[in-house]
Amino acid sequence: MNRAARPALYAALVLCALLTTLPFAWGVSGSLRSLDEIRSDPGALLPHHLTFGNFTRLFETQGFGRFLVNSVVVAMIVVAGNILAASAAGYALAKLDFAGRRLAFGAVMAAMMVPFTAVFVTQFVITVDLGLADTLAGIALPGAALPLSVFIVRQYALSIPDELLEAARIDGAGEFRIFFRIFLPLAGPAVATITIMSFLNSWNNFIWPLVVAQSMSTYTLPVGLAATSQAAAHVTDYGLLLAGAIVVMLPVLVLFLLLQRYFVQGIAGTGLR
Amino acid sequence: MTTTLAPATKRATAVPRTAAPKASRARRTAVAWLFLAPFGLVFLVYTAIPTVAALALSLTDIRGADLRTPFAVDFTGADNYLRLFQDDTFVRDILNTALFVAVGVPLTMGVGFVLALALNSGISRLRGVLRTVFFAPVVTNVVAVALIWQYAFHADGTVNKLLGAVGFAGPNWLDDPHLAMPVVILLGVWRNFGIAMVLFLAGLQAVPRDVYEAAALDGASRWRQLRHITLPLLLPTTLMVSVLLTVFYLQVFDEPYLLTGGGPLGSTESVALYTYRQFGAGEFGMSSAASFVTLALVTVVSVVQFRLLRSRT
């Protein structure tokens, strides 16, 4: 590229980056403004006086502590389920020779393609029948063994030499021991990717917990935030709502900055989020 | 996918067969299905059965009140589907969804492509930081971001304040039936262009450098290199990204539900929102039928676009 074009390119890119981050800046700035200040000057870019009152109000009067705990519990079930159930399935599909393997792999691929909107009504009916409506388990279970995770582990497992597993077999190690002691440690990067992906999926999930959670005691953070914003008393209380938005987004953004590689691999490698 | 499957299948089957007789294969099959069981259970309960059941429900007159007595409902054949297409709001929602796809997909891809080109043009400083910034919206929570959007786009919000500073009187974006949709689409584009960018970056990095060097030696301008080398070589990536985004946007729910609730005057209501509204009204049969229309559209789009890909390459 010629010398004149390069500064122009940088300038354009930095401008685009600023535009991209604008919504984050609005969110942070709004969350630090008091209700009175937002009412008197709704469009101001920066707070006149910084206040953390919105954040304390969230946890003291709006039940966000509970929503946060619920979100964490659901995410833990989802992540644990994916690490165990999806890894085991991915391992079997790549490394074990058995009758019905093609059928099982076909099911995984088909499951990745079924749009959520096509099944959530019947998923909900089943959840009610299982007695899991309005429970954290009911929210977590559909995501606890994502076909995407199975696929990621399977693809990674294909690159692990069979000889390593075979050597353990000859030494008399049982299949479960081989899976836990040899395969899982070797599959570290794939396990890291599915951990991140399933956490992100669970943390940001909105429509399913919205359908399943029917009382504040089972609201996850996104559902709680949406409910808070729909409560008539808070229609113009943007400071409170934006503080909630920051609380919902912050954990994921921090994780993203720390573990970017896995996010990009997981999402771009499969095109799913 | 199939290309990686074939050699692996061979390798995995070859090793145990030399080492073990028949009885051991039966044992191995049992062990393998044990490994698959937890996933298989979730798959059966939450994907396989719901899909078949949704198809069945869409052919009945089931309503929320019938849940306790599921066998008392009547089989009504294609009635729900006929009712859907006679329902003006459903037709309107199909058109809204089509608009979302027709504008959102090219816009998301365009932004992603241009940024990928810029990041791949040999700059080294700030490259990582810029990529991080452009990808960050992908991991954001849509409920949170929608609130920020409402705050910024309401009548006295930050966007109109900025517009006012340069002499425009900003409208009430989300309450205007003509302006609400562009704002909803903008939110979709903002949250998804990072995916397109990363996929295009991967595609661009797979193009060998010496192709460009040879073209430059022959005197091809940068524009001609882009048109005659980059774009043709990126065709598979382009089709992949377009299928992906089309499938996303055909199912669009979160953005309109949270920003506008489908309003004003239904101008932003998508098919997924219609499905949800029917579900909320207890019309499970109608809701399932609407969701199968989405499933059909998603399938058709995937098949057509992959056919296109195969005929072009």
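How many residues of chain B are in contact with chain A, and how many residues of chain A do they meet?

## Where the chains meet

In this predicted model, 78 residues of chain B are in contact with 75 residues of chain A.

## A look at chain B

Chain B is built with 14 helices and zero strands. If you follow chain B from the N terminus, its elements run α-α-α-α-α-α-α-α-α-α-α-α-α-α.

Of the 313 residues in chain B, 42% are buried. Take the contacts in chain B between residues at least 6 apart in sequence: 71% of these join residues at least 24 apart.

## Two helices of chain A

Now let us turn to a pair of helices in the other chain. Helix 5 (residues 101-113) of chain A packs against helix 8 (residues 147-157) of chain A at an angle of about 130 degrees, and their axes are 8 Å apart. Because of that angle, helix 5 of chain A counts as oblique to helix 8 of chain A. The crossing of helix 5 and helix 8 of chain A is left-handed.

Which residues meet here? From helix 5 of chain A come A:Val108, A:Ala111 and A:Met112, and they meet A:Pro147, A:Leu148, A:Val150 and A:Phe151 of helix 8 of chain A. The residues of this contact between helix 5 and helix 8 of chain A are seven nonpolar, with no polar and no charged ones.

Definitions and conventions
Residues are numbered from 1 along each chain as its sequence is written. Chains are lettered from A and ligands numbered from 1 in the order in which they are written. This is a predicted model: local features need pLDDT of at least 70, side-chain atom pairs count only at pLDDT 80 or more; totals for chains, interfaces and linings use all residues. Two residues are in contact if their C-beta atoms, placed from the backbone, lie within 7 Å. Helices (H or I, at least four residues) and strands (E, at least two) are DSSP runs, numbered from the N terminus. A residue is buried if 20 or more other C-beta atoms lie within 10 Å of its own, exposed if 12 or fewer, and partly exposed in between; C-beta atoms are placed from the backbone. Axes are lines fitted to C-alpha atoms, for helices over the stretch in contact, and angles run from 0 to 180 degrees between N-to-C directions. Angles under 35 degrees count as roughly parallel, over 145 as roughly antiparallel, 65 to 115 as roughly perpendicular and the rest as oblique. A crossing is left-handed if the near helix is turned anticlockwise from the far one by less than a right angle, and right-handed if clockwise. Ala, Val, Leu, Ile, Met, Phe, Trp, Tyr, Cys and Pro count as nonpolar, Asp, Glu, Lys and Arg as charged, and the others, Gly among them, as polar.
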